[in-house]
Amino acid sequence: MSDKLLKLNCKELRELQLCELEALKFFDKFCRKHELTYYLCGGCLIGAVRHKGFIPWDDDTDVLMPRPDYEKFLELYRKENPSERFVLVDDNDPDSFSGNIFAVLMDTDHTMIKEYQQDMDIPHGIPLDIFPIDGLAYGKLARYTQYFWTMVYSLFRSQTVPVNQGGLLNFGSKLLLGIFRGKKLRYKIWRFAQKRMSRYNFEDSENVAELCAGFYFMKKIYPRELIYNGTTEVEFEGKKFLAMKGYDEYLKIPFGNYMELPPEDERVPHHDIVELKLHKPCR
């Protein structure tokens, strides 16, 4: 772990969580207004089911949207621009770059800087990560082709060599980024790759996957009916948010027995924060 990373005590972490809750409330209100489907996911969903709120050591918020709702959300949010406080960061032109491969709703009433974003010209607020879930190709060959385009998309959008993924992948990533250096060219490559990886109609696919959630989650396969069979409300920090009706089966696929607490030495925040100033606007 870098010496620059902040180590938050319990009080500081809890204050951060309560600030993160504000963006989630705003996002929920916007989606309900426009009848957009979203689900709590990852640590947020485990927290809702197991703790009725944040996992005590969690330090971020995540939501998941079916690809059609995700794209509609981006379109509507850009069109309406409903808040100066909650800013959408989505790298939607060659000159914008955040290092993320998914959209983020940034609460600019606070300042939070992550290690990999220190030198980036973005609003350094508290992020709400918004992940799309995509239709998955049928058949092994088509699926591995889809994974290939996902990795191309991830590489050129994040512009970061993946870590802990093997020497060949590491070498190939460095080589490609070395060859294709221009901002506009990299932007064109990942936009093309995004179209190829998300070409399978979500509503017609037998299975779906979280292709933009990293290498581990990318290969987790979910039956579409498990995800897209309607929503239910779950309690999270005293408020009701949306989850998929099959959330128990959904969580078991990547996390196994998610109701069991991890070992004590794993109960720590996992995100690389180098600066945190709550209630100090970053805009």
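I started with Asp91, which sits in the loop between S3 and strand S4 (103–107). Helices (H or I, at least four residues) and strands (E, at least two) are DSSP runs, numbered from the N terminus. The model is predicted: local features need pLDDT of at least 70, side-chain atom pairs count only at pLDDT 80 or more, and totals for chains, interfaces and linings use all residues. Residues are numbered from 1 along each chain as its sequence is written, and side-chain values use heavy atoms, with hydrogens and water left out.

**Positive phi**

I looked up the backbone angle of Asp91 and found a positive phi of about 50°, although Asp91 is not a glycine. Most residues other than glycine have a negative phi. Is Asp91 buried or exposed? Asp91 counts as buried, at 4% relative accessibility. My cut-offs: buried is under 20% relative accessible area, exposed is over 50%, and partly exposed lies in between (1.4 Å probe, protein chains only).

I then went to Asn81, in the loop between helix H3 (67–80) and strand S3 (86–89). Asn81 is not a glycine either, and has a positive phi of about 45°. Asn81 is exposed, with a relative accessible area of 56%.

**Aromatic rings**

How many aromatic pairs does a search of the whole structure find? I noted 20. Rings of Phe, Tyr and Trp (its six-membered ring) pair if their centres lie within 6.5 Å; planes under 30 degrees apart are stacked, over 60 edge-to-face, and the rest tilted. I checked Phe236 and Phe241: their ring centres are 6.0 Å apart and their planes stand at 80°, so this pair is edge-to-face. Both Phe236 and Phe241 are buried.

I also traced a cluster in which ring pairs link Phe26, Phe27, Phe30, Tyr38, Phe73, Tyr77 and Phe86.

Next came charges over rings (NZ of Lys or CZ of Arg within 6 Å of the ring centre and within 35 degrees of the ring normal). The charged end of Lys239 sits over the ring of Phe241, 5.4 Å from its centre. Arg157 lies over the face of Trp190, 4.7 Å from the ring centre.

**Asp134**

I found Asp134 in strand S6 (residues 126–135). Asp134 is buried, at 0% relative accessible area. Which side chain does Asp134 join by a polar contact of 2.6 Å? The partner is the side chain of Arg67. A polar contact is a pair of N or O atoms within 3.5 Å; within protein, one must be able to donate a hydrogen and the other to accept it, and residues adjacent in sequence count only if both atoms are side-chain atoms. Contact in general means heavy atoms within 4.5 Å. Beyond neighbours within four places in sequence, Asp134 touches residues including Ser198, Phe202 and Asn207.

**Leu45**

Leu45 lies in helix H2 (residues 42–51). Leu45 is buried, with a relative accessible area of 0%. Leaving aside neighbours within four places in sequence, Leu45 is in contact with Leu40, Ala243, Met244, Tyr247, Tyr250 and Leu251.
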